[in-house]
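I wanted to go through the cross-links and charge pairs here and jot down what turned up.

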Amino acid sequence: QVRLVESGGGSVQAGGSLRLSCAADGSIFSINAMGWYRQAPGRQRELVALITSGGNTHYGDSVKGRFTISRDNTKNTVYLQMNNLKRDDTAVYYCNAEIVGSMTRWPDDYWGQGTQVTVSS
């Protein structure tokens with residue numbers, strides 16, 4: 001069984017920084033794209049950043065230039081460095097990954113449990 005375990009959320013003042021981590025755990029054959037999404041109260045879940053297995057990245061317009069996504073394939077972990085945080089970044093952040101399990105040898109979509117990020121002015 002595969003799961004994604006997130007860490008690193010919390011509260012910070014506007015202009016501050018946080019780093020989120022998400023580790024994939026279980027019987028994993030390979031991991032394709034990994035990414036971060038967020039959902040604020042009353043709003044739809046939106047893409048924050050995405051990174052392919054080859055290291056190509058894509059960012060949502062609202063975070064370009066402030067957030068950086070990276071991954072360590074040796075640790076099956078994806079990171080999100082968030083700088084110059086704004087109040088509008090307040091949301092629950094979810095890790096997502098397309099993982100090929102060792103038993104299934106078929107890609108499945110997995111989500112983390114979510115971690116709260118709160119930015120105050």
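**Disulfide.** I started with the cysteines: Cys22 and Cys95 are joined by a disulfide, S to S 2.1 Å (a disulfide being a pair of cysteine sulfur atoms within 2.5 Å). By that rule I get 1 disulfide. Cys22 sits in strand E3 (residues 18-26) and Cys95 in strand E9 (residues 91-101), so the bond ties together parts 73 residues apart in sequence. Strands, for my notes, are DSSP runs of E with at least two residues, numbered from the N terminus. The link is left-handed, with -80° about the S-S bond.

Buried or exposed, these two cysteines? Cys22 is buried at 0% relative accessibility, and Cys95 is buried at 0% as well. My cut-offs: buried is under 20% relative accessible area, exposed is over 50%, and partly exposed is in between (1.4 Å probe, protein chains only).

**Ground rules.** I'm working on a predicted model, where local features need pLDDT of at least 70 and side-chain atom pairs count only at pLDDT 80 or more, while totals for chains, interfaces and linings use all residues. Residues are numbered from 1 along each chain as its sequence is written, and side-chain values use heavy atoms, with hydrogens and water left out.

**Salt bridges.** Side chains of opposite charge can pair when their charged atoms come close. I counted a side-chain nitrogen of Lys or Arg within 4 Å of a carboxyl oxygen of Asp or Glu, and the whole structure gave 5 salt bridges.

One of them pairs Asp25 with Arg3, the closest N and O atoms being 3.6 Å apart. That pair links distant parts of the chain, with Asp25 in strand E3 and Arg3 in strand E1 (residues 2-7), 22 residues apart. Asp25 is partly exposed at 40%, whereas Arg3 is exposed at 51%.

Next I looked at Arg38. Its side chain meets Glu46 in a salt bridge at 2.6 Å, N to O. Arg38 also meets Asp89 in a salt bridge, at 2.9 Å, N to O. Arg38 lies in strand E4 (residues 28-39) and Asp89 in the loop between strand E8 (77-82) and E9, so this pair ties together parts 51 residues apart in sequence. Arg38 is buried at 6%, Asp89 is buried too, and Glu46 is partly exposed at 29%.

Which residues make up the salt-bridge network? I noted Arg38, Glu46, Arg66 and Asp89.

Conventions
Helix = DSSP H or I, 4+ residues; strand = E, 2+ residues; numbered from the N terminus.
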